[in-house]
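Student: I'd like a close look at one part of this model, please. Could you walk me through it slowly?

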Amino acid sequence: MTQQALRLGTRRSKLAMAQSGHVADAVRQLTGREVELVEITTYGDTSREHLAQIGGTGVFVTALRDALLAGEVDFAVHSLKDLPTAQPDDLVVAAMPRREDPRDVLIARDGLTFTELPDGARVGTGSPRRMAQLNAYARNHGMRIETVPIRGNIDTRVGYVRKGELDAVVLAAAGLSRIGRTDEVTDFLSVDTVLPAPGQGALAIETPAVNADLIAMLGELDDPYTRAAVTAERSLLAALEAGCSAPVGALADLLSDGQVVKEMRLRGVVGTTDGSALVQLSTTGPVPTTHDQAMALGRELADEMLAKGAAGLMGERAH
């Protein structure tokens with residue numbers, strides 16, 4: 001008797017379908033079972049409002065989680081940066097596969113890099129985190145730019161540049177890579193210029209907590225270094241009490257000596273969207289080997305940032 005196909009819940013966007021397709025292929029190879037994609041429309045996909053206004057975190061996630069709990073799908077794939085930091089008890093992130101490039105990138109007219117942008121260039125991004133850091137960099141380097149809030153999928157955003165309405169837009173490298181459009185990037189932004197969103201470039205494969213067999217099977221796709229890094233980043237975000245619409249950037253990377261991974265460095269930044277005030281700190285410690293150690297790394301750095309005045313830079317915090 002053939003086993004039933006596993007049902008993978010996914011958002012309908014081109015990017016979500018590509019991400020889910022990659023995971024489906026990996027699960028097929030791993031298990032020999034058929035995987036079918038089940039498309040689910042989320043509120044975040046249909047709403048035209050700015051993310052900050054529709055509640056920020058979770059708008060792309062809730063419908064997928066409802067489908068998991070209702071038994072309509074067996075597992076779901078999320079962009080980790082969309083996941084709220086609090087994990088519901090009845091769902092488990094069974095795997096975080098190896099992370100893609102976490103950086104932000106620029107797609108600008110005429111092949112321009114960020115530092116080549118003309119005086120007063122209009123740069124589109126819907127992210128307060130990106131605005132804060134781009135504006136701070138511009139201030140510190142005698143550049144004048146105007147950050148313009150935009151929404152929409154990759155095609156919509158790049159379209160603003162192609163049509164000449166904006167000089168450039170900022171997007172995540174990982175998303176462009178997953179849909180095969182890295183060749184359109186005109187500048188990979190160094191993490192020293194713009195720290196990415198916590199968890200950027202990583203995926204979370206989520207399944208109901210009761211499905212022990214599936215959790216064990218999907219666990220084969222887990223990358224422990226990715227999990228440790230993004231857990232530390234998300235712990236920092238949670239300790240700053242900030243949702244995904246807050247201007248918080250974080251990146252944990254591994255410091256190696258030749259082939260031996262020695263330590264993990266966690267960097268965090270929070271700032272006002274105009275870039276006039278920024279708190280940026282880093283900490284380095286042993287690579288976390290448990291969830292609790294990774295959480296502690298994030299909390300410690302958050303405490304240092306709060307001591308330096310981070311809370312006052314995040315504007316109104318949603319409680």
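Student: In strand 2, which residue is the bridge partner of Leu6?

Tutor: Happy to! This is a predicted model, in which local features need pLDDT of at least 70 and side-chain atom pairs count only at pLDDT 80 or more, while totals for chains, interfaces and linings use all residues. Residues are numbered from 1 along each chain as its sequence is written, and side-chain values use heavy atoms, with hydrogens and water left out.

Now to your residue: Leu6 has Val35 as its bridge partner in strand 2. Thr10 is bridged to Glu39 of strand 2. Strand 1 (residues 6-10) and strand 2 (residues 35-39) run parallel and are joined by 5 bridges. Here, strands are DSSP runs of E with at least two residues, and helices are runs of H or I with at least four, numbered from the N terminus; two strands pair if DSSP finds at least two bridges between them.

Stepping back, the open sheet has 5 strands in the order 2-1-3-10-4, with mixed pairing. Strand 2 and strand 4 (91-95) are at the edges with a single partner strand each, so one side of each lacks a neighbour in the sheet. From one strand to the next, the twist averages 35°.

Finally, helix 3 (residues 62-69) lies across strands 1, 3 (75-79), 4 and 10 (203-208), at about 165° to strand 3. Contact means heavy atoms within 4.5 Å, and angles run from 0 to 180 degrees between N-to-C directions, with axes fitted to C-alpha atoms, for helices over the stretch in contact.
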